[in-house]
Amino acid sequence: MQENSIVEAAEPAPTPAPLRAKEVAAALRVDVSTVYLAIRQGDLPAYRVGAGRGTIRVARAAFDQYLAERGIPASELAVAS
C-alpha cells in the first residue's frame, strides 16, 4: 500500500530590504551627498523605485560588496547586513 505524502516546499529565506541613501549615509557616518556621489561615480550600485524622480535604493548585497572592497568591517556599522 502506498502512502500519499505531502511535501511542503521550504519557504525561501526573506531577502533583506534594500537600503535608502540616508540609511547608507548613517551607517557610514557620512553626509548623504557623499553617498549620492558614490552612486553617480558608479562606485556604489543603486536603482530608483517609484514614479518621477523616485527614491534611490541600494541592495544589501551591493552595500556589502562596497564595504568589502574598501576594507570596512560591516560588523562595526549601524546597519545590520
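At a relative accessibility of 65%, Arg29 counts as exposed, where exposed means over 50% relative accessible area, buried means under 20%, and partly exposed lies in between, all with a 1.4 Å probe and protein chains only. The structure is a predicted model, in which local features need pLDDT of at least 70 and side-chain atom pairs count only at pLDDT 80 or more, while totals for chains, interfaces and linings use all residues. Residues are numbered from 1 along each chain as its sequence is written, and side-chain values use heavy atoms, with hydrogens and water left out.

Arg29 sits in the loop between H1 and H2, and its phi is near 60°, which is a positive value in a residue other than glycine. The labels H and E stand for helices (DSSP runs of H or I, at least four residues) and strands (DSSP runs of E, at least two residues), numbered from the N terminus. The chain contains three helices and three strands, and along the sequence they follow the pattern β-α-α-β-β-α.

The strands form an open sheet of three in the order E1-E3-E2, with antiparallel pairing. Strand E1 (19–20) and strand E2 (47–49) are at the edges with a single partner strand each, so one side of each has no neighbour in the sheet. Strands are said to pair if DSSP finds at least two bridges between them. E1 is joined to strand E3 (residues 55–58) by two bridges, and these strands run antiparallel; Leu19 stands opposite Val58, and Arg20 has Arg57 as its bridge partner. E2 and E3 are also antiparallel, over three bridges, with Tyr47 opposite Arg57. These two strands form a hairpin with five residues between them, and Gly50 in its turn has a positive phi of about 105°.

What lies inside? In soluble globular proteins, nonpolar side chains tend to be buried together. A nonpolar core is a set of buried Ala, Val, Leu, Ile, Met, Phe, Trp, Tyr and Cys residues joined through side-chain atoms within 4.5 Å. The largest such core here has 16 residues, of which Val24, Val35, Ile39, Leu44, Val58, Phe63 and Leu77 touch the most other members. Helix H1 (21–28), helix H2 (32–40), E3 and helix H3 (60–70) are the elements that give two or more residues to this core. If its neighbours within four places in sequence are left aside, Val24 is in contact (heavy atoms within 4.5 Å) with Leu19, Val35, Leu44, Val58 and Phe63. Across the whole chain of 81 residues, 23% count as buried.

Charged side chains complete the picture. Side chains of opposite charge can pair when their charged atoms come close. One form is the salt bridge, a side-chain nitrogen of Lys or Arg within 4 Å of a carboxyl oxygen of Asp or Glu, and the structure holds one. This salt bridge joins the side chains of Arg70 and Glu69, at 3.4 Å from N to O; Arg70 is partly exposed, at 36% relative accessibility, whereas Glu69 is exposed, at 52%.

Arg60, which lies in helix H3, is buried yet has no salt bridge, and the nearest side chain of opposite charge, that of Glu23, is 5.7 Å away. In this count Lys and Arg are positive and Asp and Glu negative, while His and the chain ends are not counted. A polar atom of the Arg60 side chain does, however, lie 2.7 Å from the backbone oxygen of Ala17.

Terms used
A polar contact is a pair of N or O atoms within 3.5 Å; within protein, one must be able to donate a hydrogen and the other to accept it, and residues adjacent in sequence count only if both atoms are side-chain atoms.
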